[in-house]
Amino acid sequence: MKNKRKGGVTHLAAKLDMSKAYDRIEWNYLQAVMLKMGFNVRWVDLVMECVSTISFSILLNGFPKGHITPSRGLRQGDPLSPYLFLICAEGFTALIRNAMNQKLIQGMAINRGGPRFSHLFFADDSILFCKASVEECQVLKDVLKLYEDASGQKLNMEKTSLFFSSNTSDTVKEEIQSRWGARGTNQLEKYLGLPPIIGRSKPKAFKDIKSRIGRKVGGWKEKLLSQAGKEILIKAVAQAIPTYAMSVFRLPGSLCDEINSMISNYWWGQKQGERKIHWVGWKKLAISKEEGGMGFRDLRLFNSALLARQCWRIIKNPHSLLVRVLKSKYFPNSSFLDAKMPHNASFAWRSILGAREIISLGTRWRVGNGTNIRIWKDRWIPTRSTFKVQSPISILQENTTVDALIFQDTRLWNAPLIDAIFEVSEADTIKSIPLSRRSSTDTIIWSETKNGVYSVRSAYHLLMKAKKGGESSNNSQSLTSPDIELLFTIAWKLWVARNDRMWDNQFVAARDIIYQAGSLVSDFLYQEQTSHDQITRVLCKWNPPSDSVYKINVAVQWRSLTSSGGFGIVIRDSSGSVIAAMCDTSSQLGDELQLFAFAIQKSLWLAKEMDCHSLIVEGDCSALLGSLKTPGPCLAYYGTLVDEIKELSSLFLHTIFNTIPRSCNLVSFSLAKESFSFSSCKVWIGVCPGFLSTAVHNDLL
C-alpha cells in the first residue's frame, strides 16, 4: 500500500482498538454464537456456567471486602477466555464475509489475480482492509456498529488508526477520517509486536528488540544472580526475546552482533560501561557444552533456522492463505524451490527466500511413484553422505526419473535394471527402499529428524555443523564425530580389502568400501543414540487383553553386519492362549525400523485371516508405534509403510498400538531369534510352537 503511487484503485487499512475488549463481552451474545456454530446445548450450558457464576471482592487493608457479581465480560487470565473471545469474534468475521459476498466491500489483493482478504484477526488485534472510498468505508462502519450493539464491544476511536495507500487523494482521506472520527497515519503501528512496514534503515526498525534485551540484563536484580542464574536468564529470557521477530524477518547482522556483545558483557559481569576481561570469546561460548562452550545461541544461525521453518510451511501447506498470497505475488508459475528474487520484493520475502538453501541442505525425497524424482540430480538415496546417486550415468538418460526403475503393475523395484546401472552397494540400498502399493506421490522429508518433520533445533544443529566444518577446513582443526568414526572405519575396511586381495584373491571396488564403511558408521551412531535415549526399563510381565480382544506382540532381531533381520509375531486371546504365530527373516529391508513396520503389516494380515475384529498391537519400537498413533500422513523415511499400516488397521473394528518394554514381550522376542534357524517363513495356527511353551507359561504366572 505504501508503494502504490499510481492507479485509480485506492486502499485503506484500519487498525482497530477495542476498549476493554474482554470486559465488555455480553454473555447472551456469547451463548447465541456458540449455539449458532453448532455446539451441543449441554456443552454451551456448562461453558456459560463457568462464565456467569463468578464474583469479585476488593482487598481493603489486606482483607477482602464486598461481593461484586458481574453481568458481562470474560475474566482476563483465565485460560478459557482467549478461546471464548475468538468465538465471539466469529460473529464479526461472519458480518464482514457477508458484506463481501454481497459485493458491498471488496477487500484487498496485493497483486492482480491474487486472493483477496478483508481482515486479519488475532484475539483482540484487528486490521480491516477495504477500498478507500466513502461508500465502502461507510459499509464497514455500519458492520462495526452492528457488531458493537450485539456483542457489547466498543471501538476506541482515539487509538484506532487509518492507513491509506499512497495514491489516495487528500480529499478522500479527510472525508473518511471525518466519518470515522479516527486519525490517519503515515506509519501503521506495530501489529502483533512487529513493524508492518520496514524502511531503508533495518536496525532502526528493530531497535526495540535491543532495548528490551538491555532492560532484561541491565536491572539491578539480574546483576545479583550467580553464573548459573545468569546462564538461565540469557538462554530462557534474553535470547528468547527476538525469537518471534526472527521467525519473520532476517535481523541485520550488526544488530545481532550488538545483542551478542550486550549479553557477553552481562555474562562476564561488566557494569555501567566498565571494562572487564572476557576470558573466552563469544564464538567459544556459542558452541555446545559437549564441545567446551556454554550452549548460547548463535543469533544469526538461529535466525536462519527460524526463517527456514517458514520455507518448510510454504512447501507443506500450499493451501494456506499466506502461501496463496505469496505464490500469486512471487512464484505464480513455478514451485517455491524454483522461485526467483524480484527487485521489488518485500523485506519479509527476501528474508524467507534467503533461508531456502537450508531446506535444500536438509531435505531429501521419499520415493512414492517416482515421477518427480530425477535419478542422478535429486537427493533421494537413504545414505547420510549426500543422498545422491554416485554411480555414473548409464543405460538411462540424465534426466530420467525414478519411476523408470519401478515395475508399475506390481509396485516392485526392477532389480535387473538396477543391478545393471548402479554399483553393488548402491543397488542394494535402492532395492531396500520400501515402495507403497498405493502408488503414493513423492514427498519431500526433513532428513535431520526421525519423523521427517522440520524442527528448528535440528536445522540449527545442521547449520552449526556446517559452520564448524567450514571453519575446520579453513583452520585445519581436528576432526570430530562422525568424521572420526568414518575415517577409522574406512581405514579398517581398506585393511580388510587388502587382506582379501592378498590371501583370497578377492577384489573389492573402492566405491563399495566407502559405502560399507558409511553403513557401519550410520548403524553405530544410531545404536549409540538409541542407547542414550532409552528410558530405564522397569521389569514387567505380559498382560492378557479383555474379552473379545486379541493381543498381537511383535518383535524384531536385527543384524547390522549382514543388514538382515528376523521377526516374530504372536497372537493371543484373553486367556493367554496362543491362537497364531509367525516368524520369518528378510534381507531386503534397509534397517530395523522398516523390518518392524513390515512385521506389523504381516501381523495385521494374519489377524485378518484369523477373523479377529478388535486388536491391541504391542512392541518396543517407540518411534514407529508413535507414528502409528499420530493422525495424518507420516513424513518419516519409512512413512509409506506407516500409511499402509494405518489403511490396513481401518479394516478392523478397533486397533490400538502400544509401546511396551522388552520384558513384557519375551515370547515374540524368542520367536524372532528362532526365525534364523528356519529356511523359510513359518506359521502356526491354533497351536503354540513347542519351543515357546515355557515362555508362554511364564507370562501367565
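Tutor: Contact here means heavy atoms within 4.5 Å. With that rule, and leaving aside neighbours within four places in sequence, threonine 383 is in contact with Thr429 and Tyr515. This is a predicted model, where local features need pLDDT of at least 70, side-chain atom pairs count only at pLDDT 80 or more, and totals for chains, interfaces and linings use all residues. Residues are numbered from 1 along each chain as its sequence is written, and side-chain values use heavy atoms, with hydrogens and water left out.

Where is threonine 383 placed? The loop between β8 and β9 holds threonine 383. Helices (H or I, at least four residues) and strands (E, at least two) are DSSP runs, numbered from the N terminus. Threonine 383 has 13% relative accessibility, so it counts as buried. Buried means under 20% relative accessible area, exposed means over 50%, and partly exposed lies in between (1.4 Å probe, protein chains only).

Now take glycine 370. It too is found in the loop between β8 (363-366) and β9 (406-407). Glycine 370 is buried, because its relative accessible area is 0%. Leaving aside neighbours within four places in sequence, it touches Thr401, Val402, Asp403 and Asp442. Serine 440 is 70 residues from glycine 370 in sequence. In space, their C-alpha atoms are 9.0 Å apart.

Next, a charged pair. Arginine 374 and aspartate 378 join their side chains in a salt bridge, at 3.0 Å from N to O. A salt bridge is a side-chain nitrogen of Lys or Arg within 4 Å of a carboxyl oxygen of Asp or Glu. Side chains of opposite charge can pair when their charged atoms come close.

The structure holds 16 salt bridges. One of them joins aspartate 699 and arginine 572, at 3.2 Å from N to O. Aspartate 699 lies in helix α25 (residues 693-700) and arginine 572 in strand β13 (residues 564-572), so this pair ties together parts 127 residues apart in sequence. Both aspartate 699 and arginine 572 are buried.

Aspartate 620 forms a salt bridge with arginine 662, with the closest N and O atoms 3.9 Å apart. Aspartate 620 is in the loop between β15 (614-619) and α22 (622-629), and arginine 662 is in the loop between β16 (654-659) and α24 (666-674), so this pair links parts 42 residues apart in sequence. Arginine 662 is partly exposed, at 36%. Glu231, Lys235 and Lys289 are linked in a network of salt bridges.

Compare a helix residue. Tryptophan 605 is found in helix α21 (residues 592-609). It is partly exposed, with a relative accessible area of 41%. Not counting residues up to four places away in sequence, tryptophan 605 touches Arg437 and Leu648.

Last, the whole. The protein has 25 helices and 17 strands. Of its 701 residues, 44% are buried. Among contacts with a separation of 6 or more, 67% join residues 24 or more positions apart. The C-alpha atoms fill a box of roughly 95 × 65 × 60 Å, taken along the principal axes.
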